[in-house]
Amino acid sequence: MDHVDKITAQWNAARPDLDVGPMGPIGRMARLSQHLHVGHAALFAKHGLNNASFDVLATLRRAGAPYALTPKALLAQTMVTSGTMTNRLDRLEQAGLITRNPDPNDGRGFLVQLTDHGFDVIEQAVSAHVANQAQMISALTGEEREQLNTLLKKWLGGFETAE
């Protein structure tokens with residue numbers, strides 16, 4: 001019996017008229033989210049990053065060489081506001097992880113690009129991140145991970161197609 005089972009049992013006793021079944025998966029997802037967030041934050045900190053800086057650097061890295069995107073493309077792929085993005089870019093630039101260079105395709109714009117140091121940092125961080133994620137989900141078999149992924153994709157799709 002886990003923490004969520006205890007809560008649903010209490011609700012079943014206190015309010016037997018309610019179907020509290022959805023509390024199970026939703027409560028477990030919320031608790032898992034907390035554990036995952038803490039695990040990610042600890043790993044990122046070992047690389048001098050936080051969730052936000054990892055997000056930007058990883059987005060630039062997976063864009064492929066030359067590891068550069070316009071601010072608009074970064075905004076679309078990270079789903080944050082322009083003010084939030086400017087703040088993130090300022091910090092990353094001060095840390096020497098990115099540069100802002102003129103955009104050869106738009107004389108008024110610029111490209112955000114990984115520096116060599118930024119590339120090295122994200123390479124190490126993403127390798128550790130993938131290993132960390134594998135460890136975090138190691139309680140499940142490969143088949144169970146596939147089943148869970150299929151179910152979560154279906155559940156998430158119900159929200160994202162409605163937007």
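At 3% relative accessibility, F44 counts as buried (under 20% relative accessible area; exposed is over 50%, partly exposed in between; 1.4 Å probe, protein chains only). F54 is buried too, at 9% relative accessibility. This is a predicted model: local features need pLDDT of at least 70, side-chain atom pairs count only at pLDDT 80 or more, and totals for chains, interfaces and linings use all residues. Residues are numbered from 1 along each chain as its sequence is written, and side-chain values use heavy atoms, with hydrogens and water left out.

How many aromatic pairs does a search of the whole structure find? The search finds two. A pair needs ring centres within 6.5 Å (Phe, Tyr, or the six-membered ring of Trp); planes under 30 degrees apart are stacked, over 60 edge-to-face, the rest tilted. F44 and F54 are stacked, because their ring centres lie 4.2 Å apart and their planes meet at 15°. F44 sits in helix 2 (residues 23–46) and F54 in helix 3 (residues 51–62), so this pair ties together parts ten residues apart in sequence. Helices (H or I, at least four residues) and strands (E, at least two) are DSSP runs, numbered from the N terminus.

Y67 and F119 form a tilted pair, 5.0 Å centre to centre with 50° between the planes. Y67 lies in the loop between helix 3 and strand 1 (68–69), and F119 in helix 6 (residues 116–136), so the pair ties together parts that are 52 residues apart in sequence. Y67 counts as partly exposed at 21% relative accessibility. F119 is also partly exposed, at 22%.
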